[in-house]
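Thanks for coming, everyone. Please take a moment with the sequence and the fold before I start.

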Amino acid sequence: MTDSRALRQFLKMMTASGISHLPTVTLPKPAAAPGRQLANRLKGTDPAPRQAPVNKSGSRTRLMSPDRLAPSSAKQPEIMETTHALLKQTFHTAEQKAEGLSTLAEAVTACRRCTELADTRRQTVFGVGNADAEIMFIGEAPGADEDRQGEPFVGAAGILMDKIIAACGLKREEIYICNILRCRPPGNRNPHPQEAANCREFLEGQIRIVAPKFIICWGTVAAQNLLRETRPVGRLRGQFLQHGDAKVMCTYHPSYLLRNESAKKLVWEDMKFFMKKLGVDLG
Ligand code: SF4
């Protein structure tokens, strides 16, 4: 038992015994959980430790002062600097990848590069799934459900996505899922080009850490932004394109399928084409 916990119990016992006029004692605050410390520093509510922790390679991680990491717009370059430093590391194991994603996600929570989105979002929606996945799904941007739950592809579109995943014999836990943007555009409007450019570094970070063999872009916005294309998804589907080391297939967004029942057949054709590349014949 720690000294402070023992002291708390002692004071409680004395009070219960009817002894009043106890001296006022200021107890030290319990230390924040390690996972929260970076987030707190980014929010400027927790002082940085005096000495940086040792990372897996045995060297010390460079830390910034809480003032430099405060989430005002003037501090945004420092958040990107943190991201750059993280992305100079290499990620080989699933554990290293999960840790890298977690650190990047913490940095994103303080991002205010897109002022309108940062002012209107409930929370950032970073990404979810297997950090060591061979398949990555990229959507457009968080909608209302995602903004509320903090997870991409939930709500009606997410349920349809789950059905597509199951029909392919895959599991959501095998896949890593994220979006072009990490904040919801108000009214679910399309991301502005500048917003997509602002968030590109985080997306590329996720791709670099997970290092998927395959990427599926869901919808025109995802396809055009990832591939720097101008053609709509209808002209990009039915082939494998390349992004870095990953082969990229494009198909329609589940939200579009909810409005256009007839497009479901096209997506199923795309998924059969995709799974065939993985050696699975869906008929
Ligand atoms: S969309 Fe991306 S770049 Fe823009 S504020 Fe959100 S996290 Fe930052």
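In strand 4, F137 has I216 as its bridge partner. This is a predicted model: local features need pLDDT of at least 70, side-chain atom pairs count only at pLDDT 80 or more, and totals for chains, interfaces and linings use all residues. Residues are numbered from 1 along each chain as its sequence is written.

Some terms. Helices (H or I, at least four residues) and strands (E, at least two) are DSSP runs, numbered from the N terminus. Two strands pair if DSSP finds at least two bridges between them.

Back to strand 2, residues 135–139. Four bridges join strand 2 to strand 4, residues 214–218, and the two run parallel. Strand 3, residues 175–179, is joined to strand 2 by five bridges, also in parallel. There, I138 has C178 as its bridge partner.

Is strand 2 buried or exposed? Five of its five residues are buried, so strand 2 is largely enclosed by the rest of the structure. Buried means 20 or more other C-beta atoms within 10 Å of a residue's own, with C-beta atoms placed from the backbone. I135, F137 and G139 point one way from strand 2; M136 and I138 point the other way.

Six strands form an open, mixed sheet in the order 1-3-2-4-6-5. Strand 1 (128–129) and strand 5 (241–243) stand at the edges with a single partner strand each, so one side of each has no neighbour in the sheet. Strand 1 pairs with strand 3 in the antiparallel sense, over two bridges. G129 stands opposite Y176 in strand 3.

Next, the helices. How do helix 4 (residues 76–87) and helix 5 (residues 94–109) cross? Their axes come within 10 Å and cross at roughly 170°. Axes are lines fitted to C-alpha atoms, for helices over the stretch in contact, and angles run from 0 to 180 degrees between N-to-C directions. So helix 4 is roughly antiparallel to helix 5 (over 145 degrees; under 35 counts as roughly parallel). I79, T82, T83 and L86 of helix 4 meet G100, T103, L104 and A107 of helix 5. Contact means C-beta atoms, placed from the backbone, within 7 Å.

Last, helix 9, residues 193–210. The axes of helix 4 and helix 9 come within 11 Å and cross at roughly 20°. That makes helix 4 roughly parallel to helix 9. Here M80, T83 and L87 of helix 4 touch E201, F202, G205 and R208 of helix 9.

Conventions. Parallel < 35°, antiparallel > 145°, perpendicular 65-115°, else oblique. Contact = placed C-beta atoms within 7 Å. Buried ≥ 20, exposed ≤ 12 C-beta atoms within 10 Å, placed from the backbone.
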